[in-house]
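Q: I would like a close look at a single part of this model, followed by some context from the rest of the chain.

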Amino acid sequence: MGICLSTKSPPAKNHSKRVTNQSNGSGNSNRWSRVRSGSIKREKFDDAVIHEHAIAAAILFQQHQQQNGGVLPFDRSTSLRHGANSKRYQPLPRSSSSRARSVTDPLLPPQQLVIQDVNIDELEVKHIVLVHGGGFGAWCWYKTIALLEECKFKVTAIDLSGSGIDLFDANSIKSLSQYVAPLTDFLEKLADGEKVILVGHDFGGACISYAMELFPSKIAKAVFIAASMLKSGQSTLDMFSQKENTNDLMRQAQKFIYANGNNLSPTAIDLDKMLLKDLLFNHSPAKDVALASVSIRPIPFPPVLEKLSLSDSNYGSVRRFYIQTPEDNAIPITLQESMINESPPEKVFRLKGSDHSPFFSKPQALHKLLVEIAKIA
C-alpha cells in the first residue's frame with residue numbers, strides 16, 4: 001500500500017531557557033515548576049498517542065500483508081508517506097499533488113479505492129491495456145498502474161515504437177502500422193477467447209482505433225482519454241487542422257525535425273520543453289512535469305499523416321467510451337466535443353478540473369472512471 005511507518009517521536013518542544021528571577025519570591029519559582037511539569041506531562045501524553053498510532057498502523061499493515069499473501073504492490077508516490085512527526089495526524093494519506101481538490105477527485109485512502117464495491121472475479125474482463133499518447137511512454141501511467149493493480153486488475157502498459165524505453169528511432173518510423181507494432185504484436189499473442197479493455201490517450205486514440213479494426217474480437221471495450229477519436233478516412237493531422245480548432249499554443253510548442261533534409265517532409269515532431277507545462281500539464285504536480293520533461297521523446301510524423309480505414313463490422317463492433325478533460329490546452333474541449341458529436345461513443349465521462357494528462361493531474365478520479373467503465377455490463 002506504500003505505507004511508511006515511523007515510530008520516531010516529534011522533536012521536543014524548545015522551551016525557554018530563561019530562569020525566573022528568584023528575588024521576586026517563591027511564587028514565581030513555584031509557577032515555573034508547575035509550567036515545566038505540565039509541559040513534561042503533555043510531552044508524555046504526545047508520546048503515548050504516537051505510540052498508539054504506531055501500534056494501530058502496524059496492525060493494519062500486518063492485516064494487509066496477510067490478506068495479500070505477504071506481497072505488497074510498489075509504492076505509488078513518496079508523497080503518500082507520513083511519519084509520526086508530521087505536524088498533524090491525518091488518518092487519510094495525501095494525494096501526489098498539492099493542488100486543491102474537487103468533488104471528482106476526493107481525498108481517499110488507498111484501501112477505500114481498492115474496495116469501491118469491485119469484485120474482480122465478477123468482471124468479464126480484468127485485463128486493462130494502456131496506450132500512451134504522442135511523445136509519451138508507458139512511464140506516464142505509473143499512478144494508474146498502481147491503483148488498478150491494487151484493485152487486482154491485470155495491467156499492461158505499452159511502449160509504442162520509438163517511445164518510452166523502446167530503442168527505435170522515431171525519425172525512422174514510416175507508417176502507423178510500424179508505430180503501433182508493439183500493441184498489435186501484443187494483441188496478436190493473446191490466447192484465444194481472451195479479451196482486454198483498451199485505453200488510449202492523445203494520439204494513442206488513433207493507435208487503439210487501428211488495433212480495433214484489426215482485432216475486434218480481442219477488445220471488449222475501448223476508452224479514449226482526451227484522445228483522437230477519428231472517423232474512417234481521417235488522419236490525426238486532419239483533426240488538428242480544422243480551422244475552428246486551431247491551437248496557437250500547440251503550434252508554438254511544435255518543433256519539426258527534418259532528419260532526411262530540409263527539402264523533404266518532416267520525420268518527427270518534438271515539443272518545446274519550455275512550453276510543456278502550459279500545453280500538457282497545466283494542472284499537474286511539478287514532480288510529474290519534471291518526469292515528463294526528461295522522458296518525452298519526438299513524435300514520428302508519418303503516422304500523424306496517415307488516414308485510418310475503419311469499418312462498422314470491425315472497429316464499429318467494439319464498445320467505445322470517451323473521457324473528456326475540460327482544462328485541456330493540447331486537445332481543447334471544443335475539439336473533443338466535435339469528435340464525440342461526429343462519432344458518438346456509448347458513453348461520455350468528464351473529469352472536472354483535468355488538464356491534458358489526467359493520469360498526473362487527476363489520478364484517483366481517472367482510476368475510478370476506468371473501474372466504472374470496466375464494471376459496465
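Which backbone oxygen lies 2.8 Å from a polar atom of the side chain of Ser-161?

A: The model is predicted, and the backbone oxygen in question belongs to Gln-178, 2.8 Å from a polar atom of the Ser-161 side chain. Ser-161 sits in the loop between β2 (154–158) and α4 (176–179). Its relative accessibility is 8%, under the 20% limit, so Ser-161 counts as buried. Leaving aside residues up to four places away in sequence, Ser-161 touches Asp-166, Ile-173, Gln-178, Tyr-179, Ala-181 and Pro-182.

Aromatic pairs come next. A search of the whole structure gives 10 of them. In one, the ring centres of Phe-136 and Phe-281 are 6.1 Å apart and the planes stand at 80°, over the 60 degrees required, so this pair is edge-to-face. The two residues come from distant parts of the chain, 145 residues apart: Phe-136 is in the loop between β1 (127–131) and α3 (142–150), and Phe-281 is in the loop between α9 (276–280) and α10 (286–295). Both Phe-136 and Phe-281 are buried.

Phe-136 also pairs with Phe-359, again edge-to-face, with 5.8 Å from centre to centre and 80° between the planes. Phe-359 belongs to helix α13 (residues 358–361) while Phe-136 is in the loop between β1 and α3, so this pair ties together parts 223 residues apart in sequence. Phe-359 is buried, as is Phe-136.

On cysteines, the search of the whole structure finds 0 disulfides. Cys-140 is buried, with a relative accessible area of 0%. Cys-207 likewise counts as buried, at 0% relative accessibility.

Last, confidence. The protein chain has a mean pLDDT of 78, and 68% of its residues reach 70 or more. In residues 1–46 the pLDDT is below 50, yet this stretch has 39 contacts in the model beyond near neighbours in sequence. Residues 53–115 also have pLDDT below 50, with 104 contacts beyond near neighbours in sequence. Where pLDDT is low, the predicted coordinates should not be read in detail.

Definitions and conventions:
Residues numbered from 1 in each chain as written. Heavy atoms only, no water. Phe/Tyr/Trp six-rings, centres within 6.5 Å; stacked < 30°, edge-to-face > 60°. Helix = DSSP H or I, 4+ residues; strand = E, 2+ residues; numbered from the N terminus. Buried < 20%, exposed > 50% of the residue type's maximum accessible area, 1.4 Å probe, protein only. pLDDT = per-residue confidence, 0-100. Contact = heavy atoms within 4.5 Å. Polar contact = N/O pair within 3.5 Å; in protein donor to acceptor, adjacent residues only side chain to side chain. Disulfide = S-S within 2.5 Å.
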